[in-house]
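Let's take a walk through this model, one region at a time. Keep the viewer open as you read.

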Amino acid sequence: MARVLRDPHAYTALPIAAARAIEASRHDSVVSDPLARKLLAGEHHLVTASSNLIGHMTKRTLVGDELVQEAYSRGVRQVVSLGAGMDARAFRMGLFDTAFFEVDRKELFEVKEPLVADVPLQCERRRVVAGNLGAMDLVAELERAGFDKFKPSVWLLEGLVMYLGRDDMKRLAAEIDHLAARGSSLWFDAFSETSVSSGMSFYGVNFESGFDDYNEILQSNGFDYAETILAEGVWVDRNEKVIKIDQRYKVTSAQLRGRSGCLIVRAWKSS
């Protein structure tokens, strides 16, 4: 019997897994994730409760998958998922020469690890790093887990940054800069300052922040190019099974000021 996930922040990973499970069961699914239902840790009622999340979570999953695949095509063989939750890429993407590092709360992994103990990896190795972002020494812990800061990497911060205050976000950007070699890339979803200032939460956990200047934060921490796109300009093409982006929805911090919006943020370091 699966352990009950009681930590409120860690629990938010379950409805996200539920949305992936629903998407994976569609006849025209664009996400293959056979582990998603197992990763619900017995909370199967979330499959019904999470139906309104499918669109955004499918989009989010594909954006991350495509960034990993694009990096892989350039020779990148390290993937870091911060606030990993019930992410299953190490078990489903077929990147057998790639190292995956998952960082999340100890309480999350106490539930997740028994669920995946008998599942074959589809990567070279998977390392779990338990700790609370903002309180842990991310650089030391990832290096202890075998991360090589002298080789390029791809960073996934899905569903994370809205729970970080501004100081923690800037500190995290600096830590990633220290660890991410030339040729690295990164992505996360977020909300504008106006969106979060009006009050937002997910399954009872309040969002701490939303910023308009994510591009500037990343570019001041080693990334040569960063872009922020309004999520409404990003959609799933179910025929081609890819993400499509309307470049007209790219926004600057000045354009975001005073405006509500869900954001897709991506950044790259040149080789």
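## Ground rules

Helices and strands here are DSSP runs, numbered from the N terminus: a helix is H or I with at least four residues, and a strand is E with at least two. This is a predicted model, where local features need pLDDT of at least 70 and side-chain atom pairs count only at pLDDT 80 or more, while totals for chains, interfaces and linings use all residues. Residues are numbered from 1 along each chain as its sequence is written, and side-chain values use heavy atoms, with hydrogens and water left out.

## Two loop residues with positive phi

Start with K241, found in the loop between strand 9 (234-237) and strand 10 (242-245). K241 isn't a glycine, yet its phi is positive, at about 60 degrees. With 42% relative accessibility, K241 is partly exposed; on this scale buried means under 20% relative accessible area, exposed over 50%, and partly exposed in between (1.4 Å probe, protein chains only).

A41 also has a positive phi, near 55 degrees, and is a residue other than glycine. Look for A41 in the loop between helix 2 and helix 3 (46-49). A41 is buried, at 8% relative accessibility.

Helix 8 runs over residues 166-179, so 14 residues, and reaches 20 Å from first C-alpha to last, close to the 20 Å expected at 1.5 Å a residue (the expected span is 1.5 Å times one less than the number of residues). Its buried residues are M169, L172, A173, E175, I176 and L179. Seen down the axis of helix 8, these fall within an arc of 165 degrees, so they line one face of the helix; the arc is that of the directions from the helix axis to the C-beta atoms. They pack against strand 1 (78-82), helix 7 (138-144), strand 4 (154-157), strand 5 (185-191) and helix 10 (214-219), where contact means heavy atoms within 4.5 Å.

How many cavities of 30 Å³ or more are there? The count comes to one. A cavity is a set of points on a 1 Å grid over the protein atoms alone where a 1.4 Å probe fits but cannot get out; a pocket is an open set with protein on both sides within 12 Å along at least five of seven lines, and lining residues have an atom within 4 Å of a point. Grid points are joined across faces, edges and corners, and a volume is the space filled by probe spheres set on the points. The largest cavity holds about 30 Å³, and its lining is L157, M169, L172, A173, I176, L186, F188, L218 and F223. Helix 8 and strand 5 are the elements that give two or more residues to that lining, with helix 8 supplying the largest share, four residues.

## The largest pocket

The largest pocket contains about 810 Å³ of space. It is lined by 46 residues, and T12, E158, G159, L160 and Y163 lie nearest its centre. Among the elements that each supply at least two lining residues are helix 1 (8-11), helix 2 (13-24), helix 4 (54-73) and strand 6 (201-202).

F202 lies in strand 6 and is buried at 14% relative accessibility. Leaving aside neighbours within four places in sequence, F202 is in contact with T12, P15, I16, L53, M57, Y163 and F207. Over in helix 4 you'll find T61, buried with a relative accessible area of 7%. With the neighbours within four places in sequence again left out, T61 is in contact with R20, V31, R89 and R92.

## Helix 6 and a buried glycine

In helix 6 (residues 106-116), the buried residues are L108, F109, V111, K112, L115 and V116. They cover an arc of only 165 degrees around the axis, which puts them on the same side of helix 6. That side packs against helix 1, helix 2, helix 5 (89-92), strand 2 (95-104) and strand 3 (123-130). Turned away from the buried side, you'll see the exposed residues K106 and P114.

G131 sits in the loop between strand 3 and helix 7 and is buried, with a relative accessible area of 17%. Neighbours within four places in sequence aside, G131 is in contact with D104, R105, K106 and M136.
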